[in-house]
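Please read the numbered points with the structure open alongside.

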Amino acid sequence: MFCKIVNRRNFMFNNNFCAGHRSYSSIVSVIKRANIGEETEVKGWVKSLRVQKEHIFADVSDGSCAKKLQIVIPKHLKAEGLTYGSSVRILGKLSKSPRGQLELTAENVDVLGDCVVLDGYPFNPRTAHPPDYIRQYLHLRSRTNYISAILRIRNAVTKHIHSYFENQNYLLIHTPILTSNDCEGAGEVFKVLPDNKDTIKAMMQQDKQADNVYFGSKTFLTVSGQLHLEAMCRGLGNVYTLGPTFRAENSKSRLHLSEFYMLEAELAFCDSLEKLQSSIEGLIKYIFIETRNSNEDDLYLIDKEKNKPPSWLEKKFVTMTYREAKDILFKKGLADSDDGINKEQELALVEHCNGIPVFVIRWPKEQKSFYMKECDDNKMVEALDLLAPITGEIVGGSLREDNYKKLKLKLPSEALNWYLELRKFGNIPTGGFGLGLERLLQVLCNVSNIKDTLPFPRWPHNCEM
């Protein structure tokens, strides 16, 4: 039975929805209010215990922020099972320690869940476990300071992304995860089929091709929502999407995942790379500035040594053509062919520009996808890659080919005739980009391995949980 909603604001912001239920406060709200003398109830996990003559001091975290709340527990209130890692409910009054630290003097202590450390719990108090060790315990690693800080930043970045695009009057589009197209044409797709023998047997009577048995055509997990965004852009204007994408790459590198989140945007009436670059640069700087304002404590928790705003936030991103980039690499002895730009070369270009992100624009068309707009010489395309420290490529984008005849010659499959048809009816010039959320987090948090930027990473031979 639902409570009667008297006041919408109270409903949205008050934990105590229904009468008769004691509300408790998140630690982040307790720290922000800091109402000394206020009776407060908190719940969370014990991060450390220090036993002294008359009191026990416990640091408790509920995951809501990087800071922990110190709990002062008179010894006679020590509950059975109160250990490092246990979950607790504490009722008490807020006070200040002699050093001016906010603390909660306990009046009642309940252990909600025991944690028997000697029975296989993998983490130890006051220990900075290395990321590759933490990665072995995906189901428990949100308990660590390192991963919990990254995930709070991920949450904040997601909110800032939506805020940026809302302020710019973009519409959010939920593009499909199941799709019949391989947008990038690289063949690194996951095929989707029913995992039910009876369903397959019944449907095979209608269609003898196993690949088509359910949807009537080959179906994949999406590698990009771009083509769907282009369709929406030609009726709704500026649009964007943020959702999971999948690549069946046989790579276990520190920069690759089989499932990751992609931010993609399509700009209506976009007829120059400069407009596209301006949008990308504005977005990234907005995210970095807002996240430093909202999650400074988390950034410090992740990397105390390098927790400083990057110098390039106040500088314009560098722009160079593909040919200029290759010339730099040849002069440095880092390239001996014209076969694109690899990861080592990407990072060398960023270093060459003193760590400032670099737009590499106008690429040879044979190195890029069919949908990219050809330059006047018909040899290059109006494409860009944005290169950043730590990861190299972080954004890929282009103007879209809006010439019907040229696109028809390059179309890889008749299944994309609908995409070609977009150029027939009220076509407009558009441009767009895709930004890997996890790679952005690597740069923002100074995290070397992409597998630490999301809760449950998937890579070849690893899909736990």
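The points below treat the overall dimensions, the sheets, the nonpolar cores and the aromatic pairs in turn.

1. Overall description. The model is predicted. Its protein chain contains 13 helices and 15 strands, and the C-alpha trace spans about 85 × 65 × 50 Å along its principal axes. Of the 465 residues, 47% count as buried. The accessible surface of the chain amounts to about 24,600 Å², and carbon and sulfur atoms hold 50% of that area. Among contacts with a separation of 6 or more, 66% are between residues 24 or more positions apart.

2. The barrel. Five strands form a closed barrel in the order β1-β2-β3-β5-β4, and their pairing is mixed. On average, neighbouring strands of this sheet are turned by 55° against each other, with direction ignored.

3. Strand β1 and its partners. Strand β1 covers residues 39-51 and pairs with β4, residues 87-96, in the antiparallel sense over seven bridges. In this pairing, glutamate 39 of the chain stands opposite lysine 93 in β4. Strand β1 also runs antiparallel to β2, residues 55-61, to which six bridges join it. Serine 48 has aspartate 59 in β2 as its bridge partner. The strands β1 and β2 make up a hairpin, with three residues between them.

4. The open sheet. A further sheet, which is open, consists of eight strands in the order β6-β9-β10-β15-β14-β13-β12-β11, with mixed pairing. Its edge strands are β6 (171-172) and β11, each of which pairs on one side only. Strand β6 pairs with β9, residues 239-246, in the parallel sense over two bridges. Leucine 172 has tyrosine 240 in β9 as its bridge partner.

5. Helix α9, residues 322-331, lies across β11, β12 and β13 (380-388), and runs at about 90° to β11. Helix α13, residues 437-445, packs on the sheet as well, where it touches β10 (259-268), β13, β14 (392-399) and β15 (430-436). The direction of α13 makes about 60° with that of β15.

6. The nonpolar cores. Which residues of the largest nonpolar core touch the most other members? They are Val157, Phe165, Ile280, Ile284 and Phe433, in a core of 52 residues. Helix α4, residues 145-167, supplies the largest share of this core, with nine residues. Leaving aside residues up to four places away in sequence, isoleucine 280 touches Phe359, Leu384, Leu386, Val395 and Phe433.

7. Aromatic pairs: tyrosine 84 and tyrosine 121. The whole structure holds 17 aromatic pairs. In one of them, the ring centres of tyrosine 84 and tyrosine 121 lie 6.0 Å apart and the planes stand at 70°, so the pair is edge-to-face; the cut-off for this class is over 60 degrees. Ring pairs join Tyr84 and Tyr121 with Phe123, Tyr133 and Tyr137 in a cluster.

8. Aromatic pairs: phenylalanine 317 and phenylalanine 359. Why is the pair of phenylalanine 317 and phenylalanine 359 described as tilted? The ring centres are 6.0 Å apart and the planes are at 45°, so the pair is tilted; planes under 30 degrees apart would count as stacked, and those over 60 as edge-to-face. This pair, too, links distant parts of the chain, with 42 residues of separation. Phenylalanine 317 is in the loop between α8 (296-302) and β11 (318-321), whereas phenylalanine 359 belongs to strand β12, residues 358-364. Phenylalanine 317 and phenylalanine 359 are both buried. Phe359 is also one of the residues touched by isoleucine 280.

Terms used:
Residues numbered from 1 in each chain as written. Predicted model: local features only at pLDDT ≥ 70, side-chain atom pairs only at ≥ 80, totals over all residues. Heavy atoms only, no water. Pairing = 2+ DSSP bridges. Helix = DSSP H or I, 4+ residues; strand = E, 2+ residues; numbered from the N terminus. Axes fitted to C-alpha atoms, helices over the stretch in contact; angles between N-to-C directions. Core = buried A, V, L, I, M, F, W, Y, C linked by side-chain atoms within 4.5 Å. Buried < 20%, exposed > 50% of the residue type's maximum accessible area, 1.4 Å probe, protein only. Contact = heavy atoms within 4.5 Å. Areas by Shrake-Rupley, 256 points an atom, 1.4 Å probe, with all protein chains shown as cover. Phe/Tyr/Trp six-rings, centres within 6.5 Å; stacked < 30°, edge-to-face > 60°.
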